[in-house]
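Please keep the sequence and the structure in view while reading.

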Amino acid sequence: MLAEQAVTNRWVYSFGGGGADGDAAMKNLLGGKGANLAEMSALGLPVPPGFTITTEACNHYYANGKAYPAKLAEQVAEGLAKVEGLTGKRFGDASAPLLVSVRSGARASMPGMMDTVLNLGLNDETVEGLAKLSGDRRFAFDSYRRFIQMYSNVVLNLDHHRFEEILDDHKDRLGVSVDTALTADDWEAVVADYKKAVQADLGHSFPQDPQDQLWGAIGAVFASWMNDRAKFYRRMHDIPESWGTAVNVQSMVFGNMGETSATGVAFTRNPSTGEARLYGEFLINAQGEDVVAGIRTPQALTKVAREEMGEHAPSMEEALPTVFAEFKSVVERLETHYRDMQDIEFTVEQGKLYMLQTRNGKRTAKAALKVAVDMARSGLITEAEAVARVEPASLDQLLHPTIDPEAARDVIAAGLPASPGAATGKVVFDSGEAERLGQAGEAVILVRDETSPEDIHGMHAAKGIVTARGGMTSHAAVVARGMGRPCVSGVGELQIDAKGGAFRAKGRTFAAGDVITIDGSKGQILAGAVKMIEPELTGDFATLMGWADAVRRLKVRANVETPQDARMARAFGAEGIGLCRTEHMFFDADRIAAVREMILADDEAGRRPPLAKMLVMQRSDLVELFDIMEGLPVTIRLLDPPLHEFLPHTEEDLEAVAKATGIDAAKLLQRARDLQETNPMLGHRGCRLGVSYPEIYEMQVRAIIEAACEVAASGKPAPKPEIMHPLVAKGEEMKYLRLLTDRIAKQVMEEKGQTIDYQVGTMIELPRAAIRAADLAEYAEFFSFGTNDLTQTTFGISRDDAGKFLGAYIDKGIFEKDPFVSLDQEGVGDLIRIAAERGRAVRPNVKLGICGEHGGDPASIAFCEDVGLDYVSCSAYRTPIARLAAAQAALARKG
């Protein structure tokens with residue numbers, strides 16, 4: 001497709017009138033919206049005609065100093081002429097004016113992140129033509145005021161609140177509360193004041209030339225690809241800047257032409273639950289932005305939904321029965337055609353249905369599972385397609401606590417269940433404050449009258465979202481579902497005083513900083529913190545995971561040290577422990593004293609008694625872990641952090657520890673100073689401790705083998721310990737540590753009269769270790785890539801400090817993603833490839849896995865599949881994500 005673009009310099013593709021230049025397969029070039037408009041047109045569905053300016057035109061625009069391609073203006077004029085031919089109207093004509101919408105449309109859906117202009121082509125002359133043509137002067141001037149407000153905000157960069165205040169002043173003067181109460185004369189007066197505001201703020205009049213309006217809007221859509229909210233959304237969803245956005249110019253149809261006109265948004269299935277029935281909202285006598293902006297409370301599509309929600313306003317099924325029947329037939333056809341749940345925008349103009357958009361609908365993880373499983377069971381898609389349909393990262397939504405059904409509920413207010421899940425946090429009213437507190441580690445709930453795309457950073461930082469206005473398809477609802485944040489919208493009884501920092505409901509007042517809980521599944525706001533319960537993975541989840549497990553090759557383990565996390569990992573399907581960090585077992589207050597006693601000892605003889613105490617603790621913990629894992633492999637990393645981490649850091653803490661333990665404070669302080677290092681992460685840590693103080697690692701190996709013998713002797717499945725030495729760089733280090741391990745293991749097994757099937761390996765965390773993997777493989781039976789430290793040592797970046805500058809690197813395109821979140825496949829990835837290749841050359845059956853945070857990242861897991869690693873290991877809660885991502889990687893590899 002790109003080759004065709006380069007050869008033909010074709011920048012515009014038309015659709016409408018039962019045909020189209022493009023189709024759904026051209027999403028990369030036409031964007032998702034443009035490709036689907038072309039597809040619907042080709043299917044013969046009622047789509048208003050228009051044309052799409054390609055994503056390549058956007059890329060050209062940015063690559064050439066924001067200059068349009070040479071032939072674009074000519075091709076846009078040709079596209080407009082085709083629309084004029086199909087509609088019988090002319091752009092800029094005073095008697096039969098063609099009006100258009102100008103919308104963005106990237107290949108990946110980015111709801112609300114970029115800009116749209118409706119009713120373009122209206123001016124002081126064409127508004128009179130529209131009034132005569134429609135026979136409705138009120139409708140014409142209502143459309144004109146909408147256009148002035150939207151164009152002034154999107155293209156002229158005037159604050160939309162400026163216009164809302166003017167409209168509110170008019171409504172106050174007239175004594176009305178809803179827009180529909182204004183007459184034609186009222187709207188004419190509003191338009192006049194809007195134009196005065198533009199003149200006053202900009203020093204020039206509102207643009208009257210439709211061609212100037214059109215090119216202003218096209219430029220604004222291209223510009224919106226690089227606005228702050230779009231860039232933030234792309235970073236959050238891993239959407240490359242290089243994709244660009246298309247621009248869709250489409251003839252307007254009007255849902256605000258009276259009681260037989262309407263506009264709405266629909267999903268072919270419930271996007272929160274996946275239930276197979278029509279879901280959505282509509283408004284009579286309205287335009288599309290009225291539904292999603294939360295300005296008016298929408299009505300239900302079906303009678304059943306209206307009755308379930310206790311609403312009195314008629315549903316579309318009741319108010320417009322003939323059009324509804326046609327609409328229902330069209331949406332069912334679209335779901336069958338696309339073989340996925342569809343998110344659809346539509347308008348009814350004086351009793352005639354028009355389809356404005358269809359796309360695969362965003363959905364919660366729960367809904368994604370149900371839709372995929374139901375469609376596979378019905379034969380619409382295969383089981384493999386079902387596995388590929390569910391975004392692994394979205395499963396995070398299912399892996400966190402929900403409100404305990406037995407918990408007492410002090411309901412403050414109720415609204416719509418816009419996005420499922422539950423969250424507790426402090427009330428905040430400002431997105432910037434939500435982001436600030438979130439970065440400081442505070443849990444917050446963002447409470448707003450309504451959200452807009454500018455709030456995305458605050459929504460991302462918040463644990464949950466509440467809005468006083470808006471429906472189930474409002475901006476807040478759609479974005480919250482996409483982020484996996486619980487959301488309650490349309491809480492009409494909420495009176496929010498954002499400036500005063502408080503909200504009121506049912507006579508009660510809650511201030512900023514007060515703790516509330518929201519239940520997005522029930523649409524409730526609750527006072528205080530409410531008890532939560534752990535999730536259960538059953539039903540559709542278990543079915544899809546079964547299908548995923550049947551196709552994946554990579555094993556999935558968990559990084560755990562505690563019995564609670566080990567049980568959780570098993571429940572989530574972990575096939576072993578890939579990283580047990582033994583130092584974590586000693587940080588408890590009742591255990592750290594023995595560690596400190598060992599550190600403070602002057603020689604090996606002094607270290608042996610506290611090490612004996614530590615042995616008992618370590619063995620006890622490992623017995624419990626081996627019990628829980630029931631014969632699955634358990635990789636145990638020997639002591640890794642520098643010893644100073646176990647000592648108190650401030651003089652106040654030193655004195656408190658000295659008093660509590662009876663250890664001399666001066667000695668404690670001196671030892672802390674002795675152990676202090678300039679760069680401790682590259683200092684006396686990892687296997688260097690085992691070489692310097694072999695008695696430490698001897699104690700740990702003894703604890704591991706003794707625990708394994710104890711479990712095996714009890715008749716339970718024999719443990720499979722994998723003893724891992726961290727931070728090894730040289731073959732000589734690995735040889736020394738292997739001999740130490742085998743010597744102690746042999747001693748213990750002889751003492752116990754048992755044989756344990758254990759392995760010895762290393763954690764690859766240093767570039768030298770990867771490059772000289774053949775040396776290590778002489779003595780190591782497995783490599784576990786510690787990609788957190790391997791990324792640090794490869795880039796020379798401290799992951800603890802990277803946040804101070806990585807954002808700038810990503811914004812400037814130096815990094816596409818944070819390398820600590822998603823594996824750097826070129827640099828760090830090359831080291832892993834080298835280590836795998838050279839390690840296998842010496843020891844063909846060497847076991848290979850990763851145990852850094854990347855083990856739960858889908859893109860990194862796909863890399864592990866390609867390289868041929870044996871397993872990935874991640875946190876317990878990310879185990880299901882890794883299982884699904886591993887299955888998708890295996891399917892992708894098969895093609």
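Two strands are said to pair if DSSP finds at least two bridges between them. The model discussed here is a predicted one.

## Strands and their partners

Strand 15, covering residues 422-428, is joined by five bridges to strand 22 (residues 515-519), and the two run antiparallel. Strand 15 also pairs with strand 16 (residues 444-448), in this case in the parallel sense and over three bridges.

## Salt bridges

Side chains of opposite charge can pair when their charged atoms come close. The structure holds 63 salt bridges, and one of them joins Asp-455 to Arg-448, with the closest N and O atoms 3.1 Å apart. Asp-455 has a relative accessibility of 5% and therefore counts as buried, the cut-off being under 20%, whereas Arg-448, at 22%, is partly exposed.

Glu-624 and Arg-567 also meet in a salt bridge, at 3.5 Å from N to O. Since Glu-624 lies in helix 23 (residues 604-629) and Arg-567 in helix 21 (residues 563-571), the pair ties together parts that are 57 residues apart in sequence. Another salt bridge, at 3.1 Å from N to O, is formed by the side chains of Glu-698 and Arg-743. This pair links distant parts of the chain, with Glu-698 in helix 27 and Arg-743 in helix 28, 45 residues apart. A network of salt bridges links Glu-583, Arg-637, Asp-640, Arg-685, Glu-765 and Asp-789.

## Patches on the surface

A patch of negative charge on the surface gathers Asp-159, Glu-165, Asp-168, Asp-169 and Asp-172. Asp-169 is found in helix 7 (residues 160-174) and is exposed, with a relative accessible area of 52%.

A nonpolar surface patch of about 270 Å² is made by Phe-805, Tyr-809 and Ile-814. Tyr-809 belongs to helix 32 (residues 806-811) and is partly exposed, at a relative accessible area of 35%.

Terms used
Residues numbered from 1 in each chain as written. Predicted model: local features only at pLDDT ≥ 70, side-chain atom pairs only at ≥ 80, totals over all residues. Heavy atoms only, no water. Patch = residues over 30% accessible without salt bridge, like charges linked within 9 Å, V, L, I, M, F, W, Y side chains within 5 Å. Areas by Shrake-Rupley, 256 points an atom, 1.4 Å probe, with all protein chains shown as cover. Salt bridge = Lys/Arg side-chain N within 4 Å of Asp/Glu carboxyl O. Helix = DSSP H or I, 4+ residues; strand = E, 2+ residues; numbered from the N terminus. Buried < 20%, exposed > 50% of the residue type's maximum accessible area, 1.4 Å probe, protein only. Lys, Arg positive; Asp, Glu negative; His and termini not counted. Charge placed at Lys NZ, Arg CZ, Asp CG, Glu CD.
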